[in-house]
Amino acid sequence: MAYFEVVKREIERIFARPLGWVVSLVIPLSMCLLMCFIFGKGSPVDLPIAVYNADHSELSRLFVRNLNTLQSCKVKYQVTSFKEGQDLLTEGKIYGFIAIPKDFQRDIYRLKQPELMYYYNNQRILIGGIITKDVSSMLQSMVVGLDAKIRNKKGMPMEAAIAQANPIAIVDHVNSNPYFNYLYFLALIAFGHILQINMVMISVYAIGTEFKYGTTKEWLQIADNSMWTAIWGKWTPYMAIFAVVFAILAVVYFGLYGVPFGGNAMLAVLATIAFMISCFAIGIIFMSINGNFRYCLSNSAFYVAMGFAFAGITFPTMSMPLFAKIYGALLPLSYWIQVMLDQTFRNFPIVYDLKHFVGMIVLAVLGFAALIRLKKLALDEKRWYQS
Amino acid sequence: MKKFWDIIKEEFKTFLNDQGMLLVMVIGVVVYSLFYAVPYANEVVKEVPFGIVDFDKTTVSREFIRNLDSTDYVKIVEKVPSLDEAQKKFYEGKISGFAIIPKDFQKDIYRGKQVDLSLYVDSAYMIIYKAIYTGVMQTALETGARIEIGRLVKMGIPKQTAIALKQPFQFVQVPLYNPAGGYETYVYPVILIVILHQTLIVALGMLQGTRNEKKIRFCKNDKDIPFVLLARATFYVLLYILYGAFIFLICPALCRYPMCYNVLPLFVLYGLMLYSAVFFAQVISYGFRTRESSLMILVVTSLVFIFLPGLIWPKEAIPAAVNAGALFIPATAAIDGITKVNVQGATFFQVGFDFIWLLLLNVIYFVAAIFVTKKLHKEYER
């Protein structure tokens with residue numbers, strides 16, 4: 001059968017030139033695993049901060065002790081001057097710096113509302129945000145505790161005292177990613193981004209090298225002049241390699257790192273297949289620009305390189321300007337990642353995810369439509385050996 | 001010296017005649033550095049669509065909803081009658097979260113009984129979660145405090161004292177370097193350096209990949225390699241210094257990210273990074289057997305290079321071995337120092353380590369590049 005002949009020929013081509021399997025197996029797998037190592041801890045702990053305690057009272061010491069019980073940060077430096085703390089911040093040795101003023105405790109009892117100063121490096125939003133959230137909720141509970149203690153001393157039962165000190169309590173029903181684990185979230189999008197780049201580029205490469213080395217006619221002949229057979233035969237070995245990569249990543253992500261999966265596994269697999277096909281199909285669109293391998297490869301690289309930012313995960317789509325929304329809609333990654341997040345963390349009913357499949361299918365159909373032009377180019381010997 | 005200048009001019013011609021290099025080193029730099037900012041142009045996530053299920057429908061609950069809606073963080077777009085209904089709107093993507101105000105909300109608060117406000121948020125998106133949580137938390141605290149102060153005043157305590165009782169001290173938060181907490185300001189300084197580094201090594205990898213493919217020698221005599229390498233490197237460094245001048249000196253005025261204009265230490269670090277990147281590119285080009293190899297292999301590394309320097313994700317949470325490895329990639333080694341100088345206003349002495357390390361990287365990669373080039377020459381002759 002012609003299809004199997006094309007598959008066989010493609011496998012031989014892969015063995016003849018290492019770039020094919022380096023880009024479909026070695027690079028994506030090593031990059032994805034490296035991302036896992038980087039985010040392996042899930043959420044940062046013991047981020048260094050400094051305290052300048054000018055008060056030295058019972059209360060300020062309690063405060064420093066409480067700071068050290070926080071998960072996210074650790075008082076690494078107890079500085080003796082304001083300047084010292086600021087220098088540490090500038091040098092990047094600490095992320096936050098808290099200054100407790102002189103007479104802090106005394107002023108509180110005199111109801112003078114002293115100021116507790118907290119400086120933090122907000123250029124690093126993520127780090128600043130994590131520490132600030134922890135420190136302020138610790139302070140909040142200290143205040144409530146203080147308040148409740150005063151009421152309790154005045155003869156109010158402790159339970160009522162706490163209730164009155166903090167009338168509205170928030171019960172947080174976090175139904176997705178309850179562990180605030182950045183690995184769960186960022187590794188998934190990183191996998192998608194890395195594989196999207198490699199799948200689009202490998203498709204361009206597999207087709208483009210036929211033009212580069214002037215073998216398009218031979219390729220079509222083996223496929224009985226059917227572009228459809230030719231393209232699927234060509235893709236099959238690479239898709240098999242990517243399937244292995246996806247499988248290994250699934251084992252690492254759900255198995256080794258223990259990310260909980262709550263949704264429909266079948267749907268996630270189907271979405272991954274649709275993602276793969278639409279990425280490969282986009283390769284056809286790029287190669288059918290003019291059949292010049294280098295030119296088309298550079299263009300495809302442009303298209304996928306910024307996927308991470310435009311897929312709307314690190315920064316939500318709804319807050320993006322229109323141009324970014326349109327670009328995002330043209331990336332298969334935007335749809336795949338939605339299905340994966342919905343099924344992995346949010347336990348979404350399947351119905352709500354079907355619309356994302358439409359996006360990937362539309363992109364794939366556009367790619368297959370470009371086969372008509374690709375065939376014309378493939379039969380045109382002038383398109384060969386272009387540089 | 002004249003010869004040195006001639007090589008630079010020659011390299012300029014090579015560069016102008018190479019469409020692929022022009023695409024990466026000119027169009028690539030411009031397009032990426034402008035377009036990467038586009039998704040983040042609105043900087044902060046504001047007015048997140050939010051739903052409310054109000055089972056109480058009293059003055060206090062309505063006041064709470066009004067106050068919540070008036071914060072910058074959330075915008076109440078749906079008031080729904082039931083939990084199921086809210087869940088449905090959430091699935092449809094119309095809201096990113098919702099809160100449930102229980103029955104007897106007002107009555108319980110006045111009776112001095114703690115009420116539970118249920119909050120359902122999609123935390124798969126951290127940024128959205130943070131916005132909603134901050135908005136709801138702030139509103140709950142403020143509403144609670146106002147009721148509490150009112151009660152104390154009724155008991156005959158002066159208002160000022162009541163406020164001080166509720167809030168014994170002021171917690172003054174001073175966000176430095178990025179006061180508005182903008183996302184662009186957060187990621188851009190890192191991304192810009194990675195873009196410059198990646199376009200540089202991809203284009204040079206293409207150039208050497210072509211030489212490898214066609215077996216064209218780097219230069220005639222092996223003993224000239226160090227001299228020619230240094231001269232050619234100088235051309236690319238000068239080109240990228242031009243980009244640097246635009247990005248570090250002009251862009252901050254046009255865009256919004258903060259830069260300290262600490263010009264001398266900034267450009268010393270940047271220049272050292274560029275030289276080491278050129279030598280680094282020559283070293284890794286050993287593996288690029290065709291012109292397209294560098295593009296296919298390197299494009300995907302950019303993402304890792306963005307996270308490796310430990311600015312977006314803290315170094316403290318990255319395994320030590322990975323941090324050590326990151327020091328050997330020019331961009332990830334230099335970003336830390338450059339940001340300290342440029343964003344945090346560090347002086348030259350405060351980045352002493354970064355400076356010495358980059359010098360060392362230059363020596364390592366310069367020597368390695370000479371070695372690799374000689375080895376390639378031998379392979380061409382085979």
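## Terms and source

Two strands are said to pair if DSSP finds at least two bridges between them, and in strand β2 of chain B the bridge partner of Phe50(B) is Ile76(B). Helices (H or I, at least four residues) and strands (E, at least two) are DSSP runs that are numbered from the N terminus.

This is a predicted model, in which local features need pLDDT of at least 70 and side-chain atom pairs count only at pLDDT 80 or more, while totals for chains, interfaces and linings use all residues. Residues are numbered from 1 along each chain as its sequence is written, and chains are lettered from A and ligands numbered from 1 in the order in which they are written.

## Chain A as a whole

The secondary structure of chain A comes to 17 helices and five strands. Its C-alpha atoms fill a box of roughly 95 × 45 × 40 Å, taken along the principal axes. The radius of gyration of chain A is 29 Å, whereas a compact globule of 387 residues would have one near 21 Å; this radius is taken over C-alpha atoms, and the globule rule is 2.2 Å times the number of residues to the power 0.38.

Of the 387 residues in chain A, 47% are buried, where a residue is called buried if 20 or more other C-beta atoms lie within 10 Å of its own, exposed if 12 or fewer, and partly exposed in between, with C-beta atoms placed from the backbone. Two residues are in contact if their C-beta atoms, placed from the backbone, lie within 7 Å. Among contacts in chain A between residues at least 6 apart in sequence, 76% join residues at least 24 apart.

An open sheet of five strands, with mixed pairing, has the order β2(A)-β1(A)-β3(A)-β4(A)-β5(B). Strand β2 (73-79) of chain A and strand β5 (170-176) of chain B stand at the edges with a single partner strand each, so one side of each is left without a neighbour in the sheet. From one strand to the next, the twist averages 25°.

Within chain A, strand β1 (residues 47-53) and strand β3 (residues 96-100) pair in the parallel sense over five bridges, and Tyr52(A) has Ala99(A) in β3(A) as its bridge partner. Helix α4 (residues 82-90) of chain A packs on the sheet, and its direction makes about 170° with that of β3(A); helix α6 (residues 125-153) of chain A also packs on the sheet, at about 160° to the direction of β4(A). Axes are lines fitted to C-alpha atoms, for helices over the stretch in contact, and angles run from 0 to 180 degrees between N-to-C directions.

Across the two chains, β4(A) and β5(B) pair in the parallel sense over seven bridges, and the bridge partner of Met117(A) in β5(B) is Val172(B).

## Where the chains meet

In the contact between the chains, 90 residues of chain A touch 87 residues of chain B. Helix α2 (residues 19-39) of chain A gives the most to the side of chain A that touches chain B, with eleven residues.

## Details of chain B

Strand β1 (residues 48-54) of chain B is mostly covered, since five of its seven residues are buried. Five bridges join β1(B) to strand β2 (residues 74-79) of chain B, and the two strands run parallel.

Gly352(B) lies in helix α15 (residues 352-381) of chain B, and Gly352(B) counts as exposed because it has 12 C-beta neighbours inside 10 Å.
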